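Please look over the sequence and the structure below, and then read the notes grouped by topic.

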Amino acid sequence: MPQTNQTEIRREDLPLAGRSMALRDFQRAEAAEGAADAPLATAHMIFAAGAAVRRYDWYRDRSYMEQLVVEEGAIRMDRLMRGAPLLNTHNSWSLEAQLGVVENPTISNGEGMCDVTFSRRDSIAGYVQDVADGIIRNVSVGYVRHRVEMVAPAEEDGMWVYRVVDWEPYEVSLVPIPADMDCQVRGDRAPDADLAQRTFPCEFIEVRSQSASPTVGVSAEVSTQRNLPMPQANAAGGNTAVTTPAAADETRAAPASATVTVTTEAAVDAAIQRASEINEVCVRHNVAHLAAGLIRGGQSVEQARAAVLDEIAHRDAASGGHRNVRIETVRDEMTTRLAGIEQAIMHRVAVRTQLDDNGRQFRGMSLLEMGREFLESNGVATRGLDKMALATRMLTFRAPGFHTTADFPSLFANVANKRLRNSYDENPGTYGIWARRAPNAPDFKNISVAQLSGAPELLQTNEHGEFKYGTMTDGAETYAVITYGRIVALTRQAIINDDLRGFDRLVSAFGSSARRLENRTVYSQLTANANLSDGFALFSTDHTNLSTGAPSALQFSALTTARTAMRKQKGLQSEELNLAPSYLIVPAALEQTAYQLTSNQYVPATKSEINEFRTGGRTALEPVVEPLLDAASATAWYLAAANSQIDTVEYAYLDGAEGPVIESEMGFDVDGVSYKCRLDFAAKAVDFRGLHKSNGA
C-alpha cells in the first residue's frame, strides 16, 4: 500500500549558487604554418555528478545535504547551449571578467559535461597559460535553483536532504578556491560591494512521510510537483507558506524508478488545521516565535501545547518566579456609590467640578434623597421614616468593613477638605513671593535655625611656614509651630433643608481665613520688629538696616541709600556679603510710588536720572504690595534680598499637614456633625542682613 506524504510548498528568493567541478583535457591546437593568429585553447569539464554536498540552511537554521538531480528534465540547459560565459571567479559584473565561453553541454550516465573555449585576448593570456601549466585547477559552476524537495530525516537527529529537482546552470568560473556555498546561500557578500546581489525565486517542496522516511536518491518516494500556484508575498514583504493538494494540473515527470504518490485532500486539510491551531496557541500565550519550528517539526497540537507551557515556565523562572500570577484590585460597589455621591455634592458647591457617569446619576437628588438611596442600597429600610429620622440614620450609618467612622460624615469631610483646599489655593498670600518656606516641622518642639559664617580669611604662608587654624562662628534663631483652628457644624436641619450653601460658605471662608492667618504671621515679623537672638531688634541702628527721618521717604535717593546699606552688611566673621535687594515691600498707600520707581517705561533725560531699580535694571526690584502693613505704618517700606542669597523670614508647616485640614466628629452638644478646621503654622525672622526698613518720616 503506498505511503501518504504531507507536502508543503514555499517560495523564497535565493542568490546564485556555486559548486566545484572538474577541469580536464586542456589542449591548445598547434598553429598552422603561416597562420596570422594563435589557435584557441579548449578544455573539457564535468559540472555535475549528482554527489550530495553538506550545506547550511540559514533561513531555517539547520544543516542539510544538497543533491543535484542530474538527468534529463531536471537541468535547464538553455543557457549552456546558447553559450554561457566562462568567468573569472563568478564575476558577472564586467565584460573583462569573461575568460571564454561554454559549449556542447551534455548529460550522460548521471554526469553533466561541457566544453569551454578560452578567449585569445592579451589580458587573459596569463590565465590560459596558468591553466595549461596546471597552476589554475579549480573550477566552479554557478547555478540557479528553481525547485527543491526538502525530505525530512527518518530519525529526530538525522539530516534533511534537499533534492534540487529543477536547476539551471548560469555560468562556469575559474576560481582559486571553490565557491563558499554557505556564504553564497546566506547572502553575506555580493560579487561587488557596490552592486546589489541578484536573487532568483525558488520553490521549496517539504515532504514528510506519515509512516516511514523516504529514501534519498532518484528512487525516493516523493511527490514531485511542478507549475503549482505560487504563494503570494505577505504585507511585510516576507514569504508565505502555503499548503496545497499534491495533485496539480501538470505534474513533472519523476525518474523511471521513482514511485509518485498524491497527497489526499483530507491529509492536506488536517495539516492546515494543525498549523492553524498551533499558531493560535502560540500567539495567545505570547510565544509566537515557537510556531514556525513546531509546525515544521511535525509536532501535534498537544505536543505544541506542552512546548508552550514549558516556555512559559522557563520565562517565569528566569524572572524570579510567580510572574504569571496577576493580582487585580477590584473596587467595591458601595465605595463606588459613595464616590458618586461625593462628586455630586462637590459639583453643587463648586460647579466647575467635572462629573463622570458615576456622579451624574446623583446630580439632581437632594441630600435626603441621596441618603435614602444609599441606605436602601445597603439594606436599610427607610419607608415610613420622617425627615428627621432619615437624617439621623444618614449621619450615623456605617457600612461594615469600609469606614472607621460613619459614612456620610466622612463623605462630607472629604467634600469640605477639597473645597477648603480650593479656596485656600485661590487666595495666595503675598508673603510667598519673598519669604522662604522651610522644611516641615516634625513636631511642636522648638525649631533651631543655625547660621554659619563664611570661611575664615586665607592667610599668607611662607616657605616652610605653618598653616594656621581658623574658626567659623554661628548664630541661631528658634521658633515653634503653633496650632490654630475653629469648628463648624453640619446640622440635621441643614440636611433636611438641603442647605449646602451655608456649609460651603463656612468651609470656603475657612480657606481664606487660613491664608490670611499665614499672611499676618509672616508680616508680623516685619511690623513687630522683635529682638533676635543677639539681643537687638530686627531693624535697628545696631544692625545698620534702619533708615529714619525725611530722607527715608520712598523715593529714588532713599532706595539708593537702603541698597548701599545692604551692600555693606557683613557676616558673622565680618566678611563682606555684597547683598543686593530683590523685593520692594510697601503698604497699599505707597503702591503707586512703588510702581513708578520700578517701571521700565520711564525714560531719563540725563544720566543722573537713570534708575537701575526699574524692571530690567542691574538691581531691579519687584514691588510687593501688602495692605496689612498700612495698619502699622502707611509710610514705612522694606527691602528684602532673595532668599537664595541669604535667609530673611522663613515659614513652616507641621509635617503631614501642609495647609488647613478638616476633621469630623459626631456632635453631642450639636445635633449633627462638627467639622474642625486646623492649621499648624509658624514664621520667624532668621537674619537681619537681607532686610532693610525705612520709616519714611
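In strand β22, Ala-685 is the bridge partner of Val-649. Strands here are DSSP runs of E with at least two residues, helices are runs of H or I with at least four residues, and both are numbered from the N terminus. The model is predicted, so local features need pLDDT of at least 70 and side-chain atom pairs count only at pLDDT 80 or more, while totals for chains, interfaces and linings use all residues. Residues are numbered from 1 along each chain as its sequence is written, and side-chain values use heavy atoms, with hydrogens and water left out.

**Strand β22 and its partners**

- Strand β22 covers residues 672-685, and it is largely enclosed by the rest of the structure because twelve of its 14 residues are buried. Buried means under 20% relative accessible area, exposed means over 50%, and partly exposed lies in between (1.4 Å probe, protein chains only).
- β20 pairs with β22 in the antiparallel sense over five bridges; two strands count as paired if DSSP finds at least two bridges between them.
- Strand β15 (residues 482-491) runs antiparallel to β22 and is joined to it by ten bridges, and Ser-674 in β22 is the bridge partner of Ala-489.
- Strand β21 (residues 661-666) also pairs with β22 in the antiparallel sense, over six bridges; Arg-678 in β22 is the bridge partner of Val-661.
- Strands of a sheet pair through backbone hydrogen bonds, either parallel or antiparallel.

**Glu-650**

- Glu-650 is found in strand β20, which spans residues 649-653.
- Glu-650 counts as buried because its relative accessibility is 4%.
- The side chain of Glu-650 makes a polar contact of 2.4 Å with that of Arg-436 and another of 2.7 Å with that of Tyr-479. A polar contact is a pair of N or O atoms within 3.5 Å; within protein, one must be able to donate a hydrogen and the other to accept it, and residues adjacent in sequence count only if both atoms are side-chain atoms.
- Leaving aside residues up to four places away in sequence, Glu-650 touches several residues, including Ala-438, Val-449, Ala-683 and Lys-684; contact means heavy atoms within 4.5 Å.

**A five-stranded open sheet**

- An open sheet of five strands has mixed pairing and the order β16-β23-β19-β17-β18.
- Its edge strands, each pairing on one side only, are β16 (546-547) and β18 (622-625).
- β16 pairs with strand β23 (residues 691-694) in the parallel sense over two bridges, and Ser-547 stands opposite Ser-694 in β23.

**Nonpolar cores**

- The largest nonpolar core has 37 residues, and Phe-47, Leu-86, Phe-118, Trp-167 and Leu-174 have the most contacts inside it. A nonpolar core is a set of buried Ala, Val, Leu, Ile, Met, Phe, Trp, Tyr and Cys residues joined through side-chain atoms within 4.5 Å.
- Several elements give two or more residues to this core, among them β3 (41-48), α2 (125-132) and β10 (160-174); β10 gives the most, with six residues.
- A second, separate core has 36 residues, including Ile-341, Met-370, Phe-397 and Phe-503.

**The protein as a whole**

- The protein contains 17 helices and 23 strands.
- Of its 697 residues, 42% count as buried.
- Among contacts with a separation of 6 or more, 73% are between residues 24 or more positions apart.
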